[in-house]
Amino acid sequence: MKKENDDLILFDAVDAAKNPRVQTELLNMAWNDGNLRAVAYALKVIAKARGMKSTAEESGISRTALYKSLSEKGNPSLSSLIGIMKALGVTANFQIGANAI
């Protein structure tokens, strides 16, 4: 966090996302919202915190494609999301809800 004008505190999501627990909470909140844009944003913040260049290299997509797919107007494919998640060490565990049985 950085102070500006002594009474305004700016929040830096990328800086906060350097903490693995913050990364986990950010992804869980986004996933629970059920919104692809929220999930993509969470992955983007985490990728920036860890380094976009290394995330792109490890996910097997170009840096430009990584920025584009995680942008506000991006529409990442499932294979891109899975590649990005693997590069970031993100795993998912699915369960069938009791109301679905």
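Student: Is the crossing of α2 and α3 left-handed or right-handed?
Tutor: α2 passes α3 in a left-handed crossing; the near helix is turned anticlockwise from the far one by less than a right angle, and clockwise would be right-handed. Please note that this is a predicted model, in which local features need pLDDT of at least 70 and side-chain atom pairs count only at pLDDT 80 or more, while totals for chains, interfaces and linings use all residues. Residues are numbered from 1 along each chain as its sequence is written, and side-chain values use heavy atoms, with hydrogens and water left out.

Student: At what angle do α2 and α3 pack?
Tutor: The angle is about 165°, and the axes lie 8 Å apart (axes are lines fitted to C-alpha atoms, for helices over the stretch in contact, and angles run from 0 to 180 degrees between N-to-C directions). α2 is therefore roughly antiparallel to α3 (over 145 degrees; under 35 is roughly parallel, 65 to 115 roughly perpendicular and the rest oblique).

Student: Which residues of α2 and α3 meet?
Tutor: Q23, L26, L27, A30 and W31 of α2 meet A38, V39, A42, L43, V45, I46 and R50 of α3, where contact means heavy atoms within 4.5 Å. By class, this contact of α2 with α3 has 10 nonpolar, 1 polar and 1 charged residues (Ala, Val, Leu, Ile, Met, Phe, Trp, Tyr, Cys and Pro count as nonpolar, Asp, Glu, Lys and Arg as charged, and the others, Gly among them, as polar).

Student: Stepping back, how many helices and strands are there?
Tutor: The protein has 6 helices and 2 strands, in the order β-β-α-α-α-α-α-α from the N terminus on. Helices (H or I, at least four residues) and strands (E, at least two) are DSSP runs, numbered from the N terminus. The C-alpha trace spans about 55 × 35 × 25 Å along its principal axes.

Student: And how do α3 and α4 cross?
Tutor: The axes of α3 and α4, residues 52-59, come within 6 Å and cross at roughly 110°. That angle makes α3 roughly perpendicular to α4. K44, A47, K48 and R50 of α3 make the contact with M52, S54 and T55 of α4. Its residues are 2 nonpolar, 2 polar and 3 charged.

Student: What about α4 and α6: where do they meet?
Tutor: In α4, T55, E58 and S59 meet G83, I84, A87 and L88 of α6. That contact divides into 3 nonpolar, 3 polar and 1 charged residues. The crossing is right-handed, and the axes come within 8 Å at roughly 115°.

Student: New topic: what is the volume of the largest pocket?
Tutor: It is about 440 Å³. A pocket is an open set of points on a 1 Å grid over the protein atoms alone where a 1.4 Å probe fits, with protein on both sides within 12 Å along at least five of seven lines; lining residues have an atom within 4 Å of a point. Points are joined across faces, edges and corners, and a volume is the space filled by probe spheres set on them.

Student: Which residues lie nearest its centre?
Tutor: L27, N28, V90, T91 and A92 do, out of 18 lining residues. α2 gives the largest share of that lining, 6 residues.

Student: And which lie nearest the centre of the second largest pocket?
Tutor: There, W31, L78, L81, I82 and M85 lie nearest the centre, among 14 lining residues. The volume of this second largest pocket is about 210 Å³, and α6 supplies the largest share of its lining, 5 residues.
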